[in-house]
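Hi,

Here is the structure for you to look over. My notes follow it.

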Amino acid sequence: MPSTPRAFTMKILVCVKQVIESETTIRIDDSEKWIHTDKSTPYRMNRFDEFAVEEALLIKEKFPYVTIDVISVGPAISVMAVKRALGMGADHGIHIITEQEGYLSPYVTASLIASFAQDKNFDLILAGVMAEDHMQGQVGPMIAELLSLPCATSTIFERLSPNNGTVYVEREIEGGLRDTLELSLPAVLTIQTGINKPRYPSLSNVLRAKKQKMETIEVSSSEQPEPKERVVRLALPKKSRSGVVLEGTQQEKAAQLLQILRDKSILT
Amino acid sequence: MDFSFTEEQMMFKEQVIRFARKEIVPRVQEHDLKGEFDFESFRKLGEFGILGLHFPENLGGSDADVVTTVMAGESLGEAGVDGGLTLAYGAHTFLCADTIFAHGTDAQREKYIPKLASGEWIGCMGLTEPGAGSDVASMTTRAEKKGDRYVLNGNKMFITNGPVADVAVVYAKTEKELKHAGVSTFIVEKGTPGYSAGKNFIKMGVRTSHTSELIFEDCIIPQENLVGQEGAGFLMAMQTVEWDRSALLAPFVGGMTYVLNKCIRYAKERYQFGRPIAQFQAIKHKLADIKIFIEAARSLVYRIAWRKDQGRPLNHLDAAVAKLFIGDWGLGPANDAVVLHGGYGYCHEYDVERNFRDSRLAPIGGGTSEIAKKIITKLI
């Protein structure tokens, strides 16, 4: 007799972050500890997190009865990352609002997510492999540590075995190699780019998300765990080279350019 | 009146622009230069949900209102999508699919709308004929009833998507002697014996949209492919005008925003006489003129969209004003953008050149400016 897949329920939590659009020209503010932002500053969901949301959605397409919660920790603007994930097709959104703008320690973020998740029975927690603004890649592994869960980073392939309560993972390592792991559920995976092709939010989901109630948790600074590090100072890299504007007629400029290219051995 | 967009609409707009910039715009110049229909981009529009935006979810759509649908078209233009692809989308979704959706039977809707909404099938609409342009009722394509079938004979002309269409909504006379009241609407599928499309016309602009003749030679159509009642075709064709004057015009308006942004950037970067040309009054005036056109044009198309959302009948005066304004008044700003770019503006590499060529269609397609003026003077 062919075996029929048993009814399977699963809860996935995806951690997302709203970051400043990477193509924006940034200016360090007067405190020298953060960058200047205003109403016109463009933000977007961390690209790495888009892959994590997509992977959760692909799991949901494969297994019925999967629900996807999306969580973000940060100031008011962070809600947009959660809304985008809902627009992509996630089921529930949670926004942990922190009071302060500016640098948020990954330990604080991970602690707040872990304390939210600890009694919710998530089977799988996904996060982008890092955030494109600070590139620390700490939140996922820290959540795993705080909740005493197994963790795989840089996941480039995953296959769930719900009946066995495990997930098979391939990690991307240097030189195009992969190593393979099997983790028992619940587990935390940080998702590498290229694992899938993140979808764009659909209008249907954006409109559906409008009707969904977003869970908002306000956390004052005093309720937050003490960060383990602090920002000393932000600095723009020193200009190592300055541009040269060539002067003269078109022919003279062409001759100068040719000389420069020869001097730098770009042309021989 | 509330002129603001909702947060969801703004979020969707941002997504459309982001999607189009990444997935479609990098392919525009190459396809425009070659005059090729971009099947991949068209399919991506379907995947993203643009092609079926206003259809119900159970037919593969997103249940969008008209304002949001118009906004999607404007956003495609704003992102830099060419007028050819947006025209192909407009003809497909609003002139073909929407006619089936609005007037067809449940069976016709279920058969065609999901495939058209996803982009699996491409649609076109055949109304204009070699001898019947603005004077639609003088069409000579005949649909003769023989038992439970119709036999179509005649030619249609300048049909957007003609050479690439899988399904055509075709208007033909079932009563030869009658004028408007003799026109009926049929669905004709590619591959039907007696139905063929001519060669793609080489056009001045909107070059990625393919345009051809449709030829019907004893083309036998089953009774079930009649849309609505016999003789109701002219009204159906006129009902597409609402879409034509809003969703089909919106990409032209968005395209001008794209061009304006290009102009602003160029004017700041281009130095002459020791300063950026943006500091010269003649250049400032051109930028202001383009912006004035955009804002007035937006008000006109969104007003028509908003009225449709409210369930109000089309105001033909407003529709004619919108069509005429965007068509005729848009040519000045499109020209200004080329002039502002100097010699570069005349080169294909700079998108203002393409926009200039694409814009020339607006006063012609879907009703000429001369006819719009005729309507305006009749109604004032």
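Does B:Q108 count as buried or exposed, and at what relative accessibility? B:Q108 counts as buried, at 5% relative accessibility. (Buried means under 20% relative accessible area, exposed over 50%, partly exposed in between, with a 1.4 Å probe and protein chains only.)

Before the rest, the ground rules. This is a predicted model, where local features need pLDDT of at least 70 and side-chain atom pairs count only at pLDDT 80 or more, while totals for chains, interfaces and linings use all residues. Residues are numbered from 1 along each chain as its sequence is written, chains are lettered from A and ligands numbered from 1 in the order written, and side-chain values use heavy atoms, without hydrogens and water.

**Chain B**

B:Q108 sits in helix α6 (residues 106-118) of chain B. Helices (H or I, at least four residues) and strands (E, at least two) are DSSP runs, numbered from the N terminus. Beyond its neighbours within four places in sequence, B:Q108 contacts B:I100, B:I113, B:I187, B:E224, B:N225, B:L226 and B:V227. Contact means heavy atoms within 4.5 Å.

Next, a helix pair. The axes of α1 (residues 7-23) and α3 (residues 39-48) of chain B come within 11 Å and cross at roughly 155 degrees. Axes are lines fitted to C-alpha atoms, for helices over the stretch in contact; angles run from 0 to 180 degrees between N-to-C directions. So α1(B) is roughly antiparallel to α3(B), a label for angles over 145 degrees. From α1(B), B:F12, B:Q15, B:V16, B:F19 and B:E23 meet B:S41, B:K44, B:L45 and B:F48 of α3(B).

**Chain A**

Chain A has six helices and 11 strands. Of its 268 residues, 42% are buried.

Nine strands form an open sheet with mixed pairing, in the order β9-β8-β7-β10-β6-β1-β4-β5-β11. Two strands pair if DSSP finds at least two bridges between them. β9 (178-184) and β11 (215-219) of chain A stand at the edges with a single partner strand each, so one side of each lacks a neighbour in the sheet. The twist averages 30 degrees from one strand to the next.

Within the sheet, β1 (residues 10-15) and β6 (residues 124-128) of chain A run parallel, joined by four bridges. There A:V14 stands opposite A:L126. Helix α4 (residues 139-147) of chain A packs on the sheet and touches β1, β6, β7 (151-161) and β10 (187-191). Its direction makes about 175 degrees with that of β10(A). Helix α2 (residues 79-88) of chain A lies across β4 (66-74) and β5 (92-98), at about 175 degrees to β5(A).

Best wishes

Note on methods
Angles under 35 degrees count as roughly parallel, over 145 as roughly antiparallel, 65 to 115 as roughly perpendicular and the rest as oblique.
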